[in-house]
Amino acid sequence: MDSDTRILHALIAQPEGYVNGQDLAEQLGMSRVGIWKRLQKLSESGLQLTAVRNRGYRITREPEQPLQSLMNAWLYRENVSMPVHWHASIGSTNTEAQRLLAEGSETPFAVASAEQTQGRGRMGRRWHSPSDGNLYISFAFQPSLPPKRMQTITLFFGLRLCIFMNQRYGLPVQIKWPNDLLLNGKKVCGMLTEARVDADAIRDLIFGMGLNINCETSQWPEEVRRMATSLRSVRGERLPFHRLTAELTGLIEESYQHFLRSDTRQLLKEWPDYDCLHGRTLNFERNQKTITGVGEGIDTQGCLLIREASGKIHALNAGEVSIGSGNLE
Ligand code: BTN
């Protein structure tokens, strides 16, 4: 761990209190002047520090742009063991993760960026990824699982993300099958899972997510504001970007282990609580045909269940679903 990360780790370990310069120097085996110089440099990167005579230092505001050493300090504090490769800007974190896998990088690992110039969404769509306080991150794994489990991993991670955002930050995030997270009915996160599959096993798998954290939505065009949102605009204040990123990385690391050990029972049990399609009238587009019915959750394969007015239930594994008006019931 470099000295900036160690200093910042000592500071975030005492969020309310001050850390005495002399204690810090002794703890880290540095001189007081050495510590002061490092903190001076860090504040040039946008980190706001308060220094009080006889009490010490305290972080009063994190920088708006991600700061690698602060990120590392939070990853350490959250006990995250997978390496996270940080970029200020990159084409696509999923593509970079594919490149690292092809190079033989050991899994698991993550690639994160503050901006993407060629962000990719589902169905070959572009994922607009400005440097605006959002998180673009991809996790690479080599699960050696049967390919049929691919379908449920995005749902599993998505559900865990919902539970975490509800419990930890009180934000009522819900999942919209198959790959969106919504907040107050508007898209706040998109997920994209890509895998290379051998005949009978998943060789490697990349789970990418783009999460609108601190972007300011008031400047967005009206039609975008109707469809999408950010955590900040619902919470009414900025979220601690570095801390949240480390927490989410820890969550995905742990959820992956959980996924390997579990079957779909737990997913099916918790799904209704966070499923924004449940009991809603849905229109499902497939092969230029529309199926209209009520959302009835998912099955063990991760297929969306829709019940038509005739009572016929469809299990749908791919396609576009939209929420219609009113309830059929
Ligand atoms: C979608 O809703 O269509 C999925 C969007 C997924 C976007 C994320 S951002 C991080 C990762 N890198 C990419 O290029 N795409 C995913």
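Hi everyone, let's start on the outside of a helix: Arg 265, Lys 269 and Asp 273 are exposed on one side of helix H10, where exposed means over 50% relative accessible area, buried means under 20%, and partly exposed is in between (1.4 Å probe, protein chains only). Helices (H or I, at least four residues) and strands (E, at least two) are DSSP runs, numbered from the N terminus.

Before going on, a word about what we are looking at. This is a predicted model, in which local features need pLDDT of at least 70 and side-chain atom pairs count only at pLDDT 80 or more, while totals for chains, interfaces and linings use all residues. Residues are numbered from 1 along each chain as its sequence is written, and side-chain values use heavy atoms, with hydrogens and water left out.

Back to our helix. H10 covers residues 265-274, and its buried residues are Leu 267, Glu 270, Trp 271 and Tyr 274. Looking down the axis of H10, these buried residues fall within an arc of 130 degrees, so they line one face of the helix; the arc is that of the directions from the helix axis to the C-beta atoms. And what covers them? The cover includes helix H6 (150-169), strand S6 and strand S11, with contact meaning heavy atoms within 4.5 Å.

Let's follow S11 into its sheet. In what order do the 5 strands of this open sheet run? The order is S13-S12-S11-S10-S14, and the pairing is antiparallel. Two strands pair if DSSP finds at least two bridges between them. At the edges sit strand S13 (313-316) and strand S14 (320-323), each of which pairs on one side only. On average, neighbouring strands of this sheet are turned by 40 degrees against each other, direction ignored; the axes are lines fitted to C-alpha atoms, for helices over the stretch in contact, and angles run from 0 to 180 degrees between N-to-C directions. Zooming in, S11 (residues 289-298) and S12 (residues 304-307) pair in the antiparallel sense over 3 bridges, and Gly 295 stands opposite Ile 306 in S12.

Asn 287 lies in the loop between strand S10 (281-286) and S11. Asn 287 has a positive phi of about 45 degrees although it is not a glycine, and it is exposed, with a relative accessible area of 70%. You will find Asn 54 in the loop between strand S1 (48-52) and strand S2 (56-61), and at 74% relative accessibility it counts as exposed.

Now for the inside. Why do we call strand S4 largely enclosed by the rest of the structure? Because 5 of the 5 residues of S4 (residues 109-113) are buried. In a regular strand the side chains alternate between the two faces of the sheet. Here, Phe 109, Val 111 and Ser 113 point one way from S4, Ala 110 and Ala 112 point the other way, and all are buried.

Strand S3 (residues 84-87) pairs with S4 in the parallel sense over 4 bridges, and Val 84 has Ala 110 as its bridge partner in S4. Together, S3, helix H5 (residues 93-102) and S4 make a right-handed β-α-β unit; right-handed means that, with the strands pointing away from the viewer, the path from the first strand over the helix to the second runs clockwise. S4 and S5 pair in the antiparallel sense over 5 bridges, and the bridge partner of Ser 113 in S5 is Tyr 136.

On the way from H5 to S4 the loop holds Pro 108, and the peptide bond from Thr 107 to Pro 108 is cis, with omega near -5 degrees. A cis bond also runs from Trp 177 to Pro 178, with omega near 0 degrees; Pro 178 is in the loop between strand S6 (173-176) and strand S7 (180-183).

My last stop is Ser 138, in strand S5 (residues 135-141). Is Ser 138 buried or exposed? At 0% relative accessibility, Ser 138 counts as buried. Its side chain makes a polar contact with the side chain of Thr 93, at 2.7 Å. A polar contact is a pair of N or O atoms within 3.5 Å; within protein, one must be able to donate a hydrogen and the other to accept it, and residues adjacent in sequence count only if both atoms are side-chain atoms. Leaving aside neighbours within four places in sequence, the contacts of Ser 138 include Phe 109, Ala 110 and Val 111.
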